[in-house]
Structure formats: structure tokens, C-alpha cells
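Dear colleague,

I am handing over to you the structure shown below. My findings follow it, arranged by topic, and I would be grateful if you read them with the model open.

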Amino acid sequence: MTGRAPIALGLALGVGALMAAWLPASPVLAAAEQGQQKQHQNSLPYLVRIEPVGDARLDQILQEASMLMALRDEAAVGAFALIARAEQDGDRLDRVLRSFGYYDAVIQIRIDALTLDHPGLVPMLLETAPGGPIQVSITIDTGPIYRLGQVTLAGRLPTTTRIEPGLTIGEPAQAAPIIAAGEALLLALREDGFPFARVPAPEAIVDHHARTMVVVYQVEPGPRAPLGEIDIIGLQRLREGFVRRRLGLRPGERYSPTRLEAARRALTASEAVASARLTPAAAPDAQGRVPLRLEVAERAPRVLRLAAAYSSDEGGSLALTWIHRNLFGGAERLSLGAELSQISAGQLGDINDSATAALRLPDVWRRDLDLELRLGAVSERLDAYDRDAVTVSALLEKRRSARLLLGAGIGFERASVQQDGPSEDFQLLSLPLSARWDGRDDRLDPRRGLRLEAQLSPTAVLQGGDQAFVRARLLATAYLDLSGPNVSDPVTRGQVASSSNAPGPPLLGRRVLAARLALGRILGADASAVPPDWRFYAGGGGSVRGYAFQSVGPRTASGSPAGGDALFEGSLELRQRLGARWGLAGFADVGAVSADGFQGLDDLAIGVGLGLRYHTLVGPVRVDLATPLTQTEDTAPVQLYIGIGQAF
């Protein structure tokens, strides 16, 4: 027997598994429950058990769809209302089962072992005295699953658009992929330049004899229309020309939702923009084009940032930065910063200080090409060397994609450096090149993804020597989510929530394995011919924890860190969240510095430790304790590090 099942509306409005759990109760049933509660004052507490059907995902959704389950603790009811609630559950669970392709399911609900139509059920409930809970059991025989028999596209199909539903004949006739196929059809039409296309909820014809379903999509492409004019509202300090350049959209080009979203994201990537909403008109204009409306909200132009950190080897550090995000109306970024470090680590005169001024000009000659001008001054007193320097640089950065950034520039440094002897004056000219690929899901607290960064700096020593050298450094960090199932899925989210007493919603990244690898090499000159501040050093909170800052590697005649021309560093860290805010971390760091290229791993420094994390909106507050496994005479047994943000 073949019949038309009322699936089209159900597929769109909530026959789907995830929507059923939130359908409101019938007002008539609610009124009946209130009336019965007045007649029968003794509410009946009850327990519910839904027998598993053998599909973990379906079992969880059936649990979420059940009003008996949802209201068992919050809304105890009388006899008649309990029966009405159970009858309503039968309909709700049947809709869920149909959305999974089970059209012959048999649902049996029993209250204290009696079926809902049993003549003795009502008297038994009315005579039940308040006390122990009543047992409600739900058993389900899903029956055979129905499968797709045919998928048809109807309507005026454009010949230029390649659209396929993406459904396979013979696969289960489930609501989720059928709905997704309709959405994919609609997206394909709009990507091909049909902005007013419609694909209504499909018509589904169920053949109960063959246990198959025929799905018909009615395609309504509407007229093809290019982009029209863009109406921009909400601008305050930002210039309209900057906004239009960042969007990169021009009237007359092909309409594409993906293109519009990419343009919106390009605009919101600017620090001067808090949010942007790009909306196409519902109808074409007089020229047959699609007008766009852009609503922009700007960020506050000025911001003051304060950062602090502490480590037992370097002492405390304090950094203050003032930023103007929109200096001239084109999202120009001016930052003025000052930092004090080695506070309390040594004498007052040993405190390091630095000041920087940087101006970043976006889209200087073309879109996604930024110019950054930087001026800095530093005075530092370190175990490795003392240095007073002034630096100036100009850097061009080209964003090739949302993840890839390329850079090239020129830098000049004038410095006075002392290491094991009288101070030497240096002047250096460098041509830094860089490439960065960032695939992390979160920059403040990454849980998944990969980040790669390569730096190459050909440098000429203009004063203090006649050598030229090339400094190269490669950094890679990777993050792997070990939390288990994807708890962003609503089904898994419900399972985790029901089995966890932790406050707050379950999150991705409850357990993360993080790894870091850094390699460095100086070519073209011996390490002794390279200015001390350009050599490689290892040790400290951002390097090999457990060892003092710059302490890993060769030593001078006086025993101070000498630095080297080759660097190897590696870190492995396991991060475990505890509840909504707290977390723990266990880590191991390794590192080596050589003065004559890579000489093997004989002098490898190894540090291990444990850390505590408190997660905030601006990133985790980090406290790490680390100890060196290969101690030297002047190495402390334990080092303490406190800061904001993950170690890497």
C-alpha cells in the first residue's frame, strides 16, 4: 500500500531528531493537567526507563525527546495528567523514529506494568498513595528501516547549474541527510548567481509495502542577478573608502553567498571593526541587480593593555601598551609600548627596560598588503650579555589567505654589547623574510590545528666586523584534541552532560596534546663572529622550562652563556580541563645549543614539570613548576613560571 506521508512539513519544522526534544506541550493537555491536579491533589512521582534500541545516537535523541523524561523531576502530576503525558510521548517518539527512517515502529508505554489502554490503570493510579515512585517503562520495536527509492528534481532547472542532491538510492530514508540535500541544492543555485532561488521542503512519498521513500525537490531558481550597489550604514570614524576596499565587492560581479561571507570576514578581520552584517535585498533593483546592505559596528578606537609575568629565574616583568586602532580613519594601528623585566631578580640597576612605537598601515598599495613601521630602544642586563640598542624596521606583509601570511622588510640596529670583555659597538643591516601558516582553532587557547613559521634574515655587519651571515629559524606547533567524541554534536553533548557533574556546558578540548618544535641555524659566519644578541640561546619559560633563562648551551671563559649558531628545542604538553575553569598540564621540554652546527644530542637539556591553569575570557592564567633532569652545578632544582596564555 502506497500513501503520502506528511513528511515535508515535518522535515522542515522538527520531525528531525534534534528538534523533537524542544516542541512545546499542547495547551489543551496543559489545561487538562492543571484540572486533574486540582481534582487529585496527591502528585505521583515516577521513574522512566526507555529500553535501548541498539543505536546510541537514536537512543540519546529518544531520551531528549521524551517529556516524561524531561519533566519527571520538575513537574510531578496526577493520574490523568500522567497518562496524557505518556500518550503525548508516544506521538513524539514516533516522529523521532520516522525521522530516522523507521515507519513501522511499535511503541509500548507501561505504567506500573499496565498499558495505557488497560481498564485498571486509572483506578490503580487514583488509589496510589504518595510515596515510592511509579515505574514507567517504554519499549520500542523499531521494525525494518525504510530506504530511499528515488530522488527527483522538479521545476525549471537552469542548464548552467550543476546540482546534485547528493543522496544515494538505497541509503536509509533519514530526515537529516534529506534536509541537508535540499540546503545543498539551494546553495548550489545561489552560488551560480541565482540569489532569489528557493527549494521548499521536499515532498516525501512513503511506500509501506516496499518500505521505500520517494523524495521530490521542487526547484525554483528565480532570475539570475549580479551584485548591485552596497548601502553602508553605521560608520563613525572609519572612512567609507576603506570599508569598500576591504570588502572587495563590485557592482556587476556574480552573486555568490560564499564570496559575500569572505568579504564580510575580510572586513571584520580589522581591529577597528567589531562586527559587520552584509544582507542581500529580497528583490532585484530596477537594473535587475541585487542591492546589498552593510551594517558596521566599530570598536572603541583606543585601548590600554597591561601584561605581567613572573619566573624564578628572570624575576617579574610588566608591560604596558597603548593602542589606537583607527588613527586616520583607515584602520591604521598605532601602538606605543614600554616594558620592564628582571624585576626583583637582581639589583635595581639590572632591571631591563624597552620602549617601542609601531605604526601599521593596512592595504597600502593593494588589498591585504600591510606596511608596519617600527622604532625601538632597549637596555638589558642579562647573564649572557649587556646590551643597549636602537632598532628601526619596515615590514611589508601580504595575506595570501585566511591562514597564510608572507612578509619581507628591512631593519637596522645600532647596539653596544658587552660579553666577557669590553663592550663592542655594532651596526647591522638585515633583510628579514618570513612566512606563517596558522591553522589553529583558537589563538589564545588552541585545541586543534597546526601552526608553522619560518624566518630568514640575511644580515650584514656594517660596524664591529665585516662579516655577513644568514639567521634562519623554523617553528612548528601542533595541537590534538584527545577528548574523545565530538561533543559539539548535539547528541554527544547530551550524553556528556547527562554523565558529568561538572558545572557549565561540556567543551571541546577537555584533553589536549600540544607539541612544539623549534630549529635555528646561522650560516655564513662562525658563532664567535656573530654579535652576541643575534646568536641562539635556550632555557627559560618560553624555551626549556626547568633551566634558567639562556642557560642552555656553550659558556664563555667566565662561565656566562655564550650562545651558539645552532638551536634545537622540543616540547610536549598534555592539558586537561577540570570543570569549567580549572585545568592541569604535564610537560616535558628538551633543548640544545651548539657553537659549531648540529653536533648531536649529547648535551641535550631535559626539563619536566606540572602546571595549573585557570581559564578566563582572555586566555588561561598559567602557573608552571619545572625541574631539570640534567642538572649542572649552577642550576636550581625547581623553577617557577607565572603568566597569561599557554606556554605555546
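**Overall picture**

Of the 648 residues of the protein, 41% count as buried. Please bear in mind that this is a predicted model. Its secondary structure comes to 11 helices and 28 strands. Among the contacts with a separation of 6 or more, 62% are made by residues 24 or more positions apart.

Helix H6 covers residues 79-99, which makes 21 residues. From its first C-alpha to its last, H6 reaches 31 Å, close to the 30 Å expected at 1.5 Å a residue. Of the 21 residues of H6, 15 are buried, so the helix is largely enclosed by the rest of the structure. Just after H6 comes Gly 101, with a positive phi of about 95 degrees.

Helix H4 (residues 56-65) packs with H6 at an angle of about 150 degrees, and their axes are 10 Å apart. The crossing of H4 past H6 is right-handed. Which residues meet where these helices pack? On the H4 side they are Leu 58, Ile 61, Leu 62 and Ala 65, and on the H6 side Asp 89, Arg 92, Leu 93, Val 96 and Leu 97. By class, this contact has 7 nonpolar residues, 2 charged residues and no polar ones. The spacing of such positions can be read against a general rule: an α-helix has 3.6 residues a turn, so residues three or four places apart point the same way.

**Helix H8**

Helix H8 has 17 residues and spans 24 Å from its first C-alpha to its last, close to the expected 24 Å at 1.5 Å a residue. Its buried residues are Ala 175, Ile 178, Ala 181, Gly 182, Leu 185, Leu 189 and Glu 191. Just after H8, Gly 193 takes a positive phi of about 100 degrees.

**Salt bridges**

Side chains of opposite charge can pair when their charged atoms come close. In this model the count comes to 40 salt bridges.

One of them joins Glu 220 to Arg 198, with the closest N and O atoms 2.6 Å apart. Glu 220 lies in the loop between strand E8 (212-219) and strand E9 (227-233), and Arg 198 in the loop between helix H8 (175-191) and strand E7 (203-207), so the pair ties together parts that are 22 residues apart in sequence. Both partners are partly exposed: Glu 220 has a relative accessible area of 32%, and Arg 198 has one of 45%.

Another salt bridge is formed by Arg 239 and Glu 332, whose closest N and O atoms are 3.8 Å apart. Arg 239 is in the loop between E9 and helix H9 (240-247), while Glu 332 is in the loop between strand E13 (315-324) and strand E14 (333-343); the pair therefore ties together parts that are 93 residues apart in sequence. Are the two partners buried or exposed? Arg 239 counts as partly exposed at 40% relative accessibility, whereas Glu 332 counts as buried at 7%.

Arg 387 forms a salt bridge with Glu 380, and here the closest N and O atoms are 3.0 Å apart. Arg 387 and Glu 380 are both buried.

Salt bridges also link residues into a network, made up of Arg 545, Glu 573, Arg 575, Asp 589, Arg 613, Arg 622 and Asp 624.

**Residues with a positive phi**

Most residues other than glycine have a negative phi, and most peptide bonds are trans. Against that background, two residues deserve a look.

Ala 113 has a positive phi of about 70 degrees although it is not a glycine. Ala 113 sits in the loop between strand E3 (106-111) and strand E4 (114-115), and is exposed, with a relative accessible area of 63%.

Asp 420, likewise not a glycine, has a positive phi of about 55 degrees. Its place is in the loop between strand E18 (404-418) and strand E19 (424-430). With a relative accessible area of 43%, Asp 420 is partly exposed.

**A position in strand E12**

Ala 307 belongs to strand E12 (residues 302-311) and is partly exposed, with a relative accessible area of 39%. Leaving aside residues up to four places away in sequence, Ala 307 touches Ser 317, Leu 318 and Ala 319. Ala 307 and Ser 317 are 10 residues apart in sequence, and their C-alpha atoms are 8.1 Å apart in space.

With kind regards

Conventions:
Residues numbered from 1 in each chain as written. Predicted model: local features only at pLDDT ≥ 70, side-chain atom pairs only at ≥ 80, totals over all residues. Heavy atoms only, no water. Salt bridge = Lys/Arg side-chain N within 4 Å of Asp/Glu carboxyl O. Helix = DSSP H or I, 4+ residues; strand = E, 2+ residues; numbered from the N terminus. Buried < 20%, exposed > 50% of the residue type's maximum accessible area, 1.4 Å probe, protein only. Expected span 1.5 Å × (residues − 1). Axes fitted to C-alpha atoms, helices over the stretch in contact; angles between N-to-C directions. Left-handed = near helix turned anticlockwise from the far one by under 90°. Contact = heavy atoms within 4.5 Å. Nonpolar A, V, L, I, M, F, W, Y, C, P; charged D, E, K, R; others polar.
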